[in-house]
Amino acid sequence: MKFDELLENNKKYLQDNGEICKSKIPKYPRKRMAILTCMDTRLTFQLEKSLGLKRGDSIILKTAGNNMRGQEVRSLIAAIYTLKVDKIMVIGHPDCGMANLDVENIRDRMISRGVKKEDIDKLGDLEYWFETFCDTKDNVLDNVKMLKEHPLIPNDVKIGGFYFNQDTSELFKLC
Ligand SMILES: [Zn+2]
């Protein structure tokens with residue numbers, strides 16, 4: 001798919017949905033909720049839909065493997081203090097591409113595509129840098145624990161860990 005195709009799709013969408021497109025909704029999430037989940041395309045649209053979420057209901061952050069050692073935590077903290085979020089759901093899923101990542105293979109592919117070895121070395125431990133993990137459920141539990149212990153997240157924010165099966169659209173509570 002080319003970018004131009006998407007621009008064309010957008011034009012067509014505006015023609016077909018003119019009035020809907022103009023609807024204005026507040027920036028504060030209606031359900032005062034933020035979800036951190038995986039960027040896996042099999043979750044896209046389906047997760048939101050199967051939870052009954054609509055546009056404007058919840059902040060949804062997506063990362064590889066629903067990891068959050070970087071900007072994601074800052075986004076969640078910003079959402080708590082600026083967008084009135086008081087609930088956070090961390091949602092993992094089976095067959096995650098970030099589980100058991102073969103970082104040596106990635107290193108080889110980087111080098112074969114022209115990335116300099118010294119630039120890769122600057123990243124340090126690649127497994128740590130990519131935040132790869134062995135068990136997709138344990139990863140959710142670890143991330144929830146990290147958020148609960150985060151010194152900048154107040155105790156009144158509810159934080160829960162969940163697991164979404166992309167093949168059946170079932171959601172399970174883990175903690
Ligand atoms: Zn995933």
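Before anything else, a note on elements: helices (H or I, at least four residues) and strands (E, at least two) are DSSP runs, numbered from the N terminus. I am working with a predicted model, in which local features need pLDDT of at least 70, side-chain atom pairs count only at pLDDT 80 or more, and totals for chains, interfaces and linings use all residues. Residues are numbered from 1 along each chain as its sequence is written, and side-chain values use heavy atoms, with hydrogens and water left out.

**Entry 1: the overall chain.** I found eight helices and five strands in the protein chain. Read from the N terminus, the order is α-α-β-α-β-α-β-α-α-α-α-β-β. The C-alpha trace spans about 50 × 45 × 35 Å along its principal axes. I also checked burial (buried is under 20% relative accessible area, exposed over 50%, partly exposed in between, with a 1.4 Å probe and protein chains only): 37% of the 175 residues count as buried.

**Entry 2: the zinc ion.** Which residues coordinate the zinc ion? I see Cys 38 (SG), His 93 (NE2) and Cys 96 (SG), at 2.0 to 2.3 Å. Donors here are N, O and S atoms within 2.8 Å of the metal (3.2 Å for Na, K and Ca), and water is not among the atoms, so sites may look incomplete. Along the chain the donors follow the spacing C-x54-H-x2-C. His 93 and Cys 96 are both buried.

Entry 3: Strands S4 (residues 158-165) and S5 (residues 170-173) run antiparallel and are joined by four bridges; two strands pair if DSSP finds at least two bridges between them. I noted Phe 172 in S5 as the bridge partner of Tyr 163. Four residues lie between the strands of this hairpin, where Ser 169 takes a positive phi near 65°.

**Entry 4: the largest pocket.** A pocket is an open set of points on a 1 Å grid over the protein atoms alone, where a 1.4 Å probe fits, with protein on both sides within 12 Å along at least five of seven lines; lining residues have an atom within 4 Å of a point. The largest one has a volume of about 200 Å³, that is, the space filled by probe spheres set on the points, which are joined across faces, edges and corners. Its lining includes Asn 67, Arg 69, Glu 127 and Met 146. Which element gives the largest share of the lining? I find that H8 does, with four residues.
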